[in-house]
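Dear colleague,

Please find below the structure that I am handing over to you.

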Amino acid sequence: MVQTAFLGDIVLTTGLLTHLAGRGESVDLLTTPAGCSLLDPHPALRQSIAYDKRGHDRGMAGLVRMAARLRAERYHTVYLPHRSLRSAALALLARIPQRIGFAGSAGAWSYTRRIERPGTGPEAERILALAEPPQGTRATVSLGLTDADRRRAAEWLEQHGITGPFAALAPGSIWGSKRWPGYDQLLRALPGPVVIIGGAEDRPLAEAVAAAAPGRAHCAAGDLSLRTSAAVIERARVLVSNDSAPLHLGSAVATRVVAIFGPTVPAFGFGPRGPDDVVVELIGLPCRPCSSHGPEVCPLQHHRCMKELSVERVLEAVGRGESLGRTVEQP
């Protein structure tokens, strides 16, 4: 399987991996270095292969080199959930006889089998459609966390004096307009300890949020591996996240998620998956959604979709999430 999209997409692809493994297929995954660090190990995988398309393997030379490596493995089938021309070219150059991907993808002409991608529904189930499962099959999204992952998470929490229930916040996103600006105020209103989750690139923002509650907020952004971060999220009583990768980590470890959506909408298929999860969004704003990912800055320069989401509304979702599996609308 070739999946070199964003980290959230890689998490959602685990449903397809698990389904294929469950019917007896031995699967290798070619993915990004971050994807390898997240999914190695995973019980559905024989191995993961790192493809650094923006670094060591960038450009045509890297593509040809990786194709030669795959060709030497003599794979008989490749699944292509990422609808990119690069993925299609890699499979073709690797001379893999059966190439299965979505109709309408860039490079779909090179596929030997084209599957119609569902137009609606959760993205994990859309990806799962590549395996043509029985109608109504739900994707099993998981990370296969190990005892070692959980032990490292427990050690980090103990080192920071967190021994009881805590909340996790994920204020970052690679897309600027997806970042809700109210996390510092939310932190002040939340009871008990709080852990701020994110990558190294989120560290400045995470530290700024943590400064709102010195001694009670603990910044883990950039300190933990992806798998250890997921194991910390697994222990949290709730995760509050923008529409970004931590949301999907929360879903994969079955932690209750409060997901904040601004420029994008859950109808794109990337909402949380749990029965008690809650989406907080500004309903009725005519400029939503403004793009498929969320631009760096608001195209209309007002960013109302995020700025007008009140802390009270998010706090209500946190407190009532156990009994709500629906959207909390901002009037």
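I begin with a pair of strands: D28 has Q47 in β3 as its bridge partner. Please note that this is a predicted model, in which local features need pLDDT of at least 70 and side-chain atom pairs count only at pLDDT 80 or more, while totals for chains, interfaces and linings use all residues. Residues are numbered from 1 along each chain as its sequence is written, and side-chain values use heavy atoms, with hydrogens and water left out.

Strand β2 (residues 28–31) runs parallel to β3, and four bridges join the two. Strands pair if DSSP finds at least two bridges between them; the strands themselves (E, at least two residues) and the helices (H or I, at least four) are DSSP runs numbered from the N terminus. The order β1-β2-β3 describes an open sheet of three strands with parallel pairing. Because β1 and β3 (47–50) stand at the edges with a single partner strand each, one side of each is left without a neighbour in the sheet.

Within strand β1 (residues 2–3) lies Q3. Q3 counts as buried because its relative accessibility is 2% (buried means under 20% relative accessible area, exposed over 50%, and partly exposed in between, with a 1.4 Å probe and protein chains only). Not counting residues up to four places away in sequence, Q3 touches D9, I10, T13, L29, L30, T31, T32, P81 and H82; contact means heavy atoms within 4.5 Å.

Strands β10 and β11

Strand β10 (residues 238–242) and β11 run parallel and are joined by four bridges. Opposite S241 stands A259 in β11. Five of the five residues of strand β11 (residues 257–261) are buried, so this strand is largely enclosed by the rest of the structure. V257, A259 and F261 point one way from β11, V258 and I260 point the other way, and all are buried.

Two helix pairs

The axes of helix α1 (residues 7–22) and helix α10 (residues 245–252) come within 8 Å and cross at roughly 20°. α1 is therefore roughly parallel to α10. Axes are lines fitted to C-alpha atoms, for helices over the stretch in contact, and angles run from 0 to 180 degrees between N-to-C directions; those under 35 degrees count as roughly parallel, over 145 as roughly antiparallel, 65 to 115 as roughly perpendicular and the rest as oblique. On the α1 side the contact is made by L7, G8, V11 and L12, and on the α10 side by A245, H248, L249 and A252.

Helix α3 (residues 59–73) packs with helix α4 (residues 85–93) at an angle of about 45°, their axes being 8 Å apart. These two helices, α3 and α4, are therefore oblique to each other. From α3, L63, M66, A67, L70 and R71 meet R86, A89, L90 and L93 of α4.

The surroundings of R179

R179 is placed in the loop between β7 (167–170) and α7 (183–189). Because its relative accessibility is 31%, R179 counts as partly exposed. Leaving aside neighbours within four places in sequence, R179 is in contact with P171, G172, S173, I174, L205, N242, E296, H303 and M306. The C-alpha atoms of R179 and M306 are separated by 7.6 Å, although the two residues are 127 residues apart along the chain.

With kind regards
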